[in-house]
Amino acid sequence: MKKIFLSILLIFFITGCGHKEYYINTIIENSDSKVCAITYPVTNIKKLDKQVISYIESQKEKNFKELNIDYTFDIIDDRYINIVLKTYMDETFDIQTFVFDTKKSKFLEIDDLVSKNSLITINQTLENKSNKNIGYNYDKLTFDENFLYFYFLNDVGIETVNVPIHDTEFLLDIGIPELEEKLFSETKKTKVIDPYKPIVALTFDDGPSKYTDDILDVLSENDANATFFVLGNKVKNYSNTLNKMLANGNEIGNHSYNHRELQVLSEEELLFQIETTQDIIKEKTGYTPIYLRPTYGNTNNFLKKNSNLEIVLWTVDPEDWKYKNSKTIANRVINKTKDGSIVLMHDTKKRSLEALKIIIKKLKEKDFQFVTISELKEVNEIRKKLGIK
Ligand code: ZN
């Protein structure tokens, strides 16, 4: 049996808390019967590394065709190490998390992070945000300056639900960005949508770009919101723009990592495209998208089965990539938009920005409200309950 064994050590960074050296280790094993790719951090803290290795070994002992373990690794306040290990094994998933206090040299659990009073709030948030009964299950969690993250397994994979630290009595003394977080939650609460008036969901693909901030300003000036299906490989350079999107009440969706045609990819490549993008967005904003717009609008059965993201296409396409004139683009949107429409645009072109100004002005005259995809779905539910057609 042919077996290739590769172990790659990368120096992640050399300074850090406790003057320890950190590495990211990758193990790739490939034989006729199985493949295995494992990436995980080596912290040089014995207690922590032992637990990480022990988890990995327990996964490797199982019978599988493909094992893939990916990681996230964050150090909060130069003291608290958060590690998530996500395992993909032949269409099943598993998750393990570690929160480690390097000063006290101990693993932290929910009781170390928040007061007992906060547990009810947390559970309510988890049950609201997740579709299933969580049942006070907090053993898979991490945190950063903005959120507590809770991880659960569901039928299609790993679900992450975040709870704002501001909603809890948080026990650790870390630098929490107070004002920004307040602004974020207040903006979200004050929006009122009238289910009796027409709604439209504007969506922007392929960004962010240098035009996105201007688009956000136009939306904001008009009390309008939209959904941005972003590319993962751009997020790092536009993290301020993404945070502004959310602070203004807009929604972020996943549009793959680097715009590969998803239908021709292997399952592993597909998951990379989707999960990497999810992770980067979460890393930069604390928000985890729930919608996916597949590239070129091509849906994929594998995606439908293995991604817990809901696929969102569109009903109005002005082809702003093809038509060079902003008025033409605007007219194509205005003429085709009906109550409940989802409009496809791109925040990568100046003409789309110009078209947006006309679109909002004209549709506002027709009483349209500009909503995110989630809001569109909420309004549809409310209308059903109220019996509004
Ligand atoms: Zn696209």
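A crossing is left-handed if the near helix is turned anticlockwise from the far one by less than a right angle, and right-handed if clockwise. Keep that handy for the helix pairs below. This is a predicted model, where local features need pLDDT of at least 70 and side-chain atom pairs pLDDT 80 or more, while totals for chains, interfaces and linings use all residues. Residues are numbered from 1 along each chain as its sequence is written, and side-chain values use heavy atoms, leaving out hydrogens and water.

**View 1. The whole chain, to get your bearings.** The protein chain holds twelve helices and 17 strands; these are DSSP runs numbered from the N terminus, with helices being H or I of at least four residues and strands E of at least two. Of its 389 residues, 51% are buried, where buried means under 20% relative accessible area, exposed over 50% and partly exposed in between, using a 1.4 Å probe and protein chains only. Take the contacts (heavy atoms within 4.5 Å) between residues at least 6 apart in sequence: 63% of them join residues at least 24 apart.

**View 2. H5 alongside H7.** Two packed helices are described by the angle between their axes and the distance between the axes. Here H5 and H7 (residues 239-247) pack at about 15°, with axes 10 Å apart. The axes are lines fitted to C-alpha atoms, for helices over the stretch in contact, and angles run from 0 to 180 degrees between N-to-C directions. H5 and H7 are therefore roughly parallel to each other; angles under 35 degrees count as roughly parallel, over 145 as roughly antiparallel, 65 to 115 as roughly perpendicular and the rest as oblique. Their crossing is left-handed. On the H5 side you'll find Thr212, Asp213, Leu216 and Asp217, which meet Thr241, Lys244 and Met245 of H7.

**View 3. H10 against H11.** The axes of H10 (residues 326-336) and H11 (residues 350-365) come within 8 Å and cross at roughly 40°. That makes H10 oblique to H11. The crossing is right-handed. Residues making the contact include Ile329, Ala330 and Val333 from H10, and Ala355, Ile358 and Ile359 from H11.

**View 4. The zinc site.** Three residues coordinate the zinc ion at 2.1 to 2.2 Å: Asp206 through OD, and His255 and His259 through NE2. Along the chain, the donors follow the spacing D-x48-H-x3-H. Donors are N, O and S atoms within 2.8 Å of the metal (3.2 Å for Na, K and Ca), and water is not among the atoms, so sites may look incomplete. Both His255 and His259 are buried.

View 5. Most residues other than glycine have a negative phi, and most peptide bonds are trans. Gly207 and Pro208, though, are joined by a cis peptide bond with omega of about -5°; Pro208 sits in the loop between strand E11 (199-205) and helix H5 (212-221). Asn44 isn't a glycine, yet its phi is positive at about 65°. You'll find Asn44 in the loop between strand E3 (35-42) and helix H1 (46-60), partly exposed at 34% relative accessible area. Ser105, also not a glycine, has a positive phi of about 50°. Ser105 lies in the loop between strands E6 (92-101) and E7 (106-107), and is partly exposed at 32% relative accessibility.

**View 6. Helix H8 and its end.** H8 (residues 267-285) has 19 residues. Its buried residues include Leu270, Leu271, Ile274, Ile280 and Ile281. Just after H8, Gly286 takes a positive phi of about 80°.

Conventions:
Expected span 1.5 Å × (residues − 1).
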